[in-house]
Amino acid sequence: MGEINLPKLKTFKILPYLLFVVALVPPLFKNEYLNSVLISIFLWAAIGASFDLTAGFIRVTNFGYAGFFAIGAYTSGLLALYFNISPWIGVFPAVAFAAALGALVGLLTLRLHGIYAAVFSWFLAETIKYILAAASDITRGYQGLMNPPLFPGISRFPYYYFILGILAFEIIILTKIARGKMGFAFRVIGEDETAAKSIGVNVLYYKVSAFTISTAFAGLLGVFYAHYIGVITPDVSSLVITVPALAICYVGGVGSIWGSIPSSFVIITIFEAFREIGAYRFIIYGVLLIVVMIWARTGLVGLIRKAAEKMKVTEKEK
Amino acid sequence: MLQHLLEVAIEGILIGGIYALFTLGLNMIYGVLEIINFAHGEFIMLGMYIAFWLFTLTGLHPLLSLAIVFPLLFFAGAAFERVTIEKVIKAHIFIQTVLTFGLLLLLQNLAYFFWSADYRAIRLNFPLISLGSLHISTPRLIGFIGSVVTIIILHFFLTRTKMGTGIRAVDENPIAAELVGINVKKMRMVTFGIGTGLAGVAGVFISLYYYIYPTVGSIFILLAFIIVVLGGMGSFVGSLAGGLIIGELESLSALFVGPQWKEVVAMVVFILILLFKPTGIFGTGGRK
C-alpha cells in the first residue's frame with residue numbers, strides 16, 4: 001500500500017481553467033436546481049477531502065467526523081440565535097472549537113492502539129448527538145435549530161461561488177500539506193507508527209496536526225451547511241454525515257485528496273438522477289465500501305490513473 | 001430502598017453475563033483474525049429478529065430457536081469471512097475496519113428495509129421468581145443462565161477438542177501454528193463463524209427482555225467495545241469480568257442518574273479507562 005496518489009503538478013495548471021468553466025455554469029444555465037445539485041457535489045467533495053487527511057495519511061478512520069461537523073454547525077447557529085452574531089463572525093469560534101476538539105482527540109489517539117482511535121471518535125460523535133438532543137431547551141433538539149442565511153435573498157448563486165471557493169482553497173491547502181514535509185511524516189506514521197518513532201518522527205506533533213487541520217475544515221463545512229440548509233437537528237452528529245463522507249473519500253481513492261471530487265460528482269449525481277434509490281442509500285454505501293476495500297483500494301483515482309497511462313501507451317504506439 | 005438497590009444490583013449481574021457472552025465472540029475474532037468486527041452488533045440484531053419472527057410466525061419458543069440461530073449465523077459469518085475478510089487479512093487494519101463497517105451498514109439497513117423501523121417485542125409470560133421479598137426478572141435470569149451454559153460449552157470446546165486447540169494455537173501465534181500443520185485459514189473462518197454465532201445466541205437471550213429494532217445492534221457493539229477495553233483485548237477472563245462490571249454500572253447508573261444518561265456514563269468510563277489504563281484491567285496490552 002505504498003502507492004502515492006497525489007495529483008501531479010501538471011494538474012495544478014489545469015485547475016484555473018477547470019475553475020473558470022465550473023464558474024460559468026450558473027450564468028449560462030440559469031437553473032436553480034442544477035446549482036443546488038452542484039453545491040451538494042462541492043460540499044461533499046470538500047467533506048471527503050478533509051476526511052481524507054486522517055483516513056488516507058495517518059490512517060485513522062475518523063468515524064466521529066460528524067461530531068466536528070456538528071460542533072461547527074451548532075456553534076455558529078447558537079451564536080446567531082442567542083447573541084445575534086453574524087455567521088461571518090461566528091465561523092471563527094466555530095472552526096476554533098471544532099479544531100480544538102480535534103486536537104484533543106488527536107492527542108488521545110496517541111494513547112490508543114489504532115483501532116481504539118476509530119471507536120473513540122465514533123463514541124464522541126454519538127455523545128455529542130445525545131447531548132445536543134438532551135439539551136433541547138437550548139439546542140431545540142429534534143425540532144431543529146433555525147439558522148440565518150449567509151447571503152440575502154433566496155438565490156443560490158452566492159452559495160455556489162462561496163462553496164466552490166472553499167473547495168478550491170481546501171484542495172490547494174491540503175495538497176500542499178500532503179506534498180510537503182508534513183504530508184511525508186503523516187504517511188510514515190500511517191505506514192508504521194513504531195518505525196516512524198524510531199527514525200525520530202515527532203508522532204505526537206504530526207498526529208495532532210492531522211486531526212486539527214482535518215477537523216477545522218469539518219467545522220468550517222459544518223458552518224456552511226448549517227446556514228445553507230437553514231435547519232439542523234442533532235442528526236448532523238450522526239452516521240448520516242459520517243457515512244457519505246467515508247464512502248466519498250474511499251470510493252474516490254484514499255490518500256489522494258482530490259479523489260473526493262470525481263467520487264462526489266458520481267455518487268451525488270447518481271442519487272439525484274435516481275431518486276427512487278435514495279431510500280436504499282445506506283445499503284448501497286455499505287456494499288460500495290465492502291467492494292472498494294476488497295477490489296479497488298485506489299478508488300476512482302486509481303481507475304483514472306490507469307486509463308491515463310493506457311492512453312499514453314497507445315499514443316506512443318502510434 | 002436497600003431492597004430496590006439489591007434488585008438492581010442482581011439485574012446488573014444478570015445482564016452482565018449476557019454482555020460477557022457477545023463480547024467473548026468479538027474478542028475471539030480479534031484474537032484469531034486480529035480484526036475488529038464492527039458488524040458484531042448487527043449479528044446480535046439478526047439473532048433477535050430471527051427469534052422474533054420464528055416466535056411470531058410459528059410460535060416457536062425463543063429458547064428453542066437457538067438451535068436455528070446459532071448454525072444459521074455461524075454459516076453466514078463463516079461464509080462472509082471466506083468471501084471478503086480473508087481477502088484483506090494481511091492488509092492495513094483500516095481496510096479491515098472499513099470493510100466490517102460496510103457490513104454493519106448493509107445489515108442494519110437491510111433490516112430497516114425488510115422489517116421497518118418499528119419497535120417489536122417478544123411477549124411471553126414468564127413466572128415471576130422471588131427470593132424472599134426480592135423480585136428477580138425471569139427473562140434476564142434465563143438469559144444469564146443460558147449465557148453461562150454457552151460460555152462453559154465454549155470453554156470446553158476451546159480446551160478439549162482438536163479444533164478448539166487449533167483455534168487457540170492460531171490465537172497464540174499464527175505463524176508457529178501454520179508451521180506445525182494447522183490450517184490457519186480454516187481456523188479463521190471457523191472462529192469468525194463462532195463469533196457471529198455467539199452474537200446471535202446473545203441476541204436471542206436479549207430478545208427475551210429488550211425491544212427489537214434495526215439499529216439495536218449499535219448499543220451492544222458500543223457496550224462490547226467498552227467491555228473489551230475494560231477487560232483487555234484478547235482476554236477471556238477480562239471479557240467475563242468486564243461484562244459483569246458494565247452490566248452492573250448500567251443498572252446502577254440508570255437508578256442513580258437516570259436512564260437517559262446511561263450512554264454518557266458509559267462514555268465517561270470508556271475515556272477514563274483509556275486515559276489511565278489503556279491495556280484494560282486484565283489486559284496484557286495485546287499484540288498490536
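A residue counts as buried when its relative accessible area is under 20%, as exposed when that area is over 50%, and as partly exposed in between (1.4 Å probe, protein chains only). Of the 288 residues of chain B, 56% count as buried. In chain A, buried residues make up 55% of the 318 residues.

This is a predicted model, in which local features need pLDDT of at least 70 and side-chain atom pairs count only at pLDDT 80 or more, while totals for chains, interfaces and linings use all residues. Residues are numbered from 1 along each chain as its sequence is written, chains are lettered from A and ligands numbered from 1 in the order in which they are written, and side-chain values use heavy atoms, with hydrogens and water left out.

## The two chains

Helices (H or I, at least four residues) and strands (E, at least two) are DSSP runs, numbered from the N terminus. Chain A holds 14 helices and 2 strands. Its radius of gyration is 20 Å, close to the 20 Å that the globule rule gives for 318 residues, so chain A is as compact as a globular protein of that length. The radius is taken over C-alpha atoms, and the globule rule is 2.2 Å times the number of residues to the power 0.38.

Chain B holds 11 helices and 2 strands, and from the N terminus on its elements run α-α-α-α-β-β-α-α-α-α-α-α-α. Chain B has a radius of gyration of 19 Å, close to the 19 Å given by the globule rule for 288 residues, so this chain is as compact as a globular protein of that length.

| Chain | Span of C-alpha trace | Exposed area | Share from carbon and sulfur |

Contact means heavy atoms within 4.5 Å. Among contacts in chain A between residues at least 6 apart in sequence, 81% join residues at least 24 apart. In chain B, residues 24 or more positions apart account for 79% of the contacts with a separation of 6 or more.

For charges, Lys and Arg count as positive and Asp and Glu as negative, while His and the chain ends are not counted. The place of a charge is taken as NZ of Lys, CZ of Arg, CG of Asp or CD of Glu. Chain A has 24 positive and 15 negative charges, whose mean positions are 7 Å apart. Chain B has 16 positive and 13 negative side chains, and the centres of these two sets lie 9 Å apart.

## The interface

The size of an interface is often given as the accessible area lost when the parts come together. Here, buried area is the accessible area (1.4 Å probe) that two parts lose on being put together, summed over both. Between chain B and chain A about 3800 Å² is buried, and carbon and sulfur atoms give 84% of this area. Phe94(B), Phe101(B) and Met267(B) supply 16% of the area that chain B buries against chain A, more than any other three residues. The contact takes 41 residues from chain B and 37 residues from chain A.

## Selected residues

Arg59(A), in the loop between helix 2 (32-58) and helix 3 (65-83), has a phi near 60°, a positive value in a residue other than glycine. Arg59(A) counts as buried, at 13% relative accessibility. Asn84(A) is found in the loop between helix 3 and helix 4, and its phi is near 55°, also positive in a residue other than glycine. Asn84(A) is exposed, with a relative accessible area of 70%.

Helix 4 of chain A (residues 87-109) contains Phe92(A), which counts as exposed at 61% relative accessibility. Pro93(A) is also found in helix 4 and is partly exposed, with a relative accessible area of 36%. Not counting residues up to four places away in sequence, Pro93(A) touches Thr75(A) and Leu79(A). The C-alpha atoms of Pro93(A) and Ser76(A) are separated by 7.7 Å, and the two residues are 17 apart along the chain.

In chain B, Thr196(B) lies in helix 8 (residues 184-207) and counts as buried, at 0% relative accessibility. Leaving aside neighbours within four places in sequence, Thr196(B) is in contact with Ile29(B), Asn37(B), Phe43(B), Leu73(B), Phe74(B) and Gly77(B).
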